[in-house]
Amino acid sequence: MRMMLIAGFVVAAGAAQAKQDLKDVPSVWNGLLNIGIANEIRETCPSISARMVRAALRLNSIQNEAEGMGYSQAEIDAFRKSEANKAAMRAEGEAYMKNNGVVKGDAETYCALGRAEIAKSSQIGRLLRAN
C-alpha cells in the first residue's frame, strides 16, 4: 500500500510539472501577437511610431515569464523560431487587423487602427505613439 501511495505521488508530481506548449500560454502568445500587430502598424503608418523601449521591456517581460514557468532558453528559442508558430501568429494578427478595418495596401486604415488602439490604451496602443 505504501509503495502505491508513493508511486501515486510521483505520477502526480510529474503531471504537475508537465509544461504546456508556449503557444497555449495566453500571456505569452497574446503578448507576442500584440507586439507583432503594433510593429505592422508602425511600419505601415507614417504618422505612428513605436515606443521601442516599452516594446523591448515587454519582450523581456514575456521572456522572464516563460523562464519563470520553467521553460529553458532553448525551448523559448524553438517556440520563437518555429515557422508554424510564426504562420499562425501572422494569420491571427492579419485577421485581427482585417476585423478592425485594415485594408492591405491602404496605410490610412493602419493609421486608423493605430489611433484607435492608442486612444483606448490597449496593449497594442501602449506600444505605439502618434507622431
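User: I'm starting with Leu22. Which loop does Leu22 lie in?

Analyst: Leu22 sits in the loop between helix H1 (2-17) and H2. Helices (DSSP runs of H or I, at least four residues) and strands (E, at least two) are numbered from the N terminus. Bear in mind that this is a predicted model: local features need pLDDT of at least 70, side-chain atom pairs count only at pLDDT 80 or more, and totals for chains, interfaces and linings use all residues. Residues are numbered from 1 along each chain as its sequence is written, and side-chain values use heavy atoms, leaving out hydrogens and water.

User: Is Leu22 buried or exposed?

Analyst: Go by relative accessible area: under 20% is buried, over 50% is exposed, and in between is partly exposed (1.4 Å probe, protein chains only). Leu22 has 3% relative accessibility, so it counts as buried.

User: What does Leu22 touch?

Analyst: A contact means heavy atoms within 4.5 Å. Setting aside residues up to four places away in sequence, Leu22 touches Val28, Trp29, Ala66, Tyr71, Glu75, Ile76 and Phe79. Take Ala66: it is 44 residues from Leu22 in sequence, yet the two are 7.8 Å apart in space, C-alpha to C-alpha.

User: Let's zoom out. How many helices and strands does the protein have?

Analyst: There are 6 helices and 2 strands. Along the sequence they follow the pattern α-α-β-α-α-α-α-β. The protein has 131 residues, and 28% of them count as buried. Now look at contacts between residues at least 6 apart in sequence: 72% of these join residues at least 24 apart.

User: How do I read a pair of helices? At what angle do H2 and H3 cross?

Analyst: The axes of H2 and helix H3 (residues 52-68) come within 10 Å and cross at roughly 160 degrees. Angles under 35 degrees count as roughly parallel, over 145 as roughly antiparallel, 65 to 115 as roughly perpendicular, and the rest as oblique. H2 and H3 are therefore roughly antiparallel.

User: Which residues of H2 and H3 make the contact?

Analyst: From H2 come Ser27, Val28, Gly31, Leu32 and Ile35, and from H3 come Ala55, Arg58, Leu59, Ile62 and Glu65. By class, that gives 6 nonpolar, 2 polar and 2 charged residues. Here Ala, Val, Leu, Ile, Met, Phe, Trp, Tyr, Cys and Pro are nonpolar, Asp, Glu, Lys and Arg are charged, and the others, Gly among them, are polar.

User: What about H2 and H5: at what angle do they pack?

Analyst: H2 and helix H5 (residues 83-99) pack at about 60 degrees, with axes 10 Å apart. That makes H2 oblique to H5. H2 brings Trp29, Asn30, Leu32, Leu33, Ile37 and Glu40 to the contact, while H5 brings Asn85, Ala88, Met89, Arg90, Glu92, Gly93, Tyr96 and Met97. The contact has 8 nonpolar, 3 polar and 3 charged residues.

User: And at what angle do H2 and H6 cross?

Analyst: Their axes come within 9 Å and cross at roughly 130 degrees, so H2 and H6 are oblique to each other. The contact is made by Glu40, Ile41 and Thr44 of H2 with Ala107, Tyr110, Leu113 and Gly114 of H6. The classes here are 4 nonpolar, 2 polar and 1 charged.

User: Which residues does the disulfide join?

Analyst: A disulfide is a pair of cysteine sulfur atoms within 2.5 Å. The structure holds 1, and it joins Cys45 to Cys111, with an S to S distance of 2.0 Å. Cys45 lies in the loop between helix H2 (26-44) and strand S1 (48-50), and Cys111 in helix H6 (residues 107-119), so the pair ties together parts that are 66 residues apart in sequence. The link is right-handed, with 110 degrees about the S-S bond. Both Cys45 and Cys111 are buried.

User: Where is the place of Arg51?

Analyst: Arg51 is in the loop between S1 and H3. With a relative accessible area of 29%, Arg51 is partly exposed. Leaving aside neighbours within four places in sequence, Arg51 contacts Arg126, Leu127, Leu128 and Arg129. The C-alpha atoms of Arg51 and Arg129 are separated by 6.4 Å, though the two residues are 78 apart along the chain.

Key
Axes are lines fitted to C-alpha atoms, for helices over the stretch in contact, and angles run from 0 to 180 degrees between N-to-C directions.
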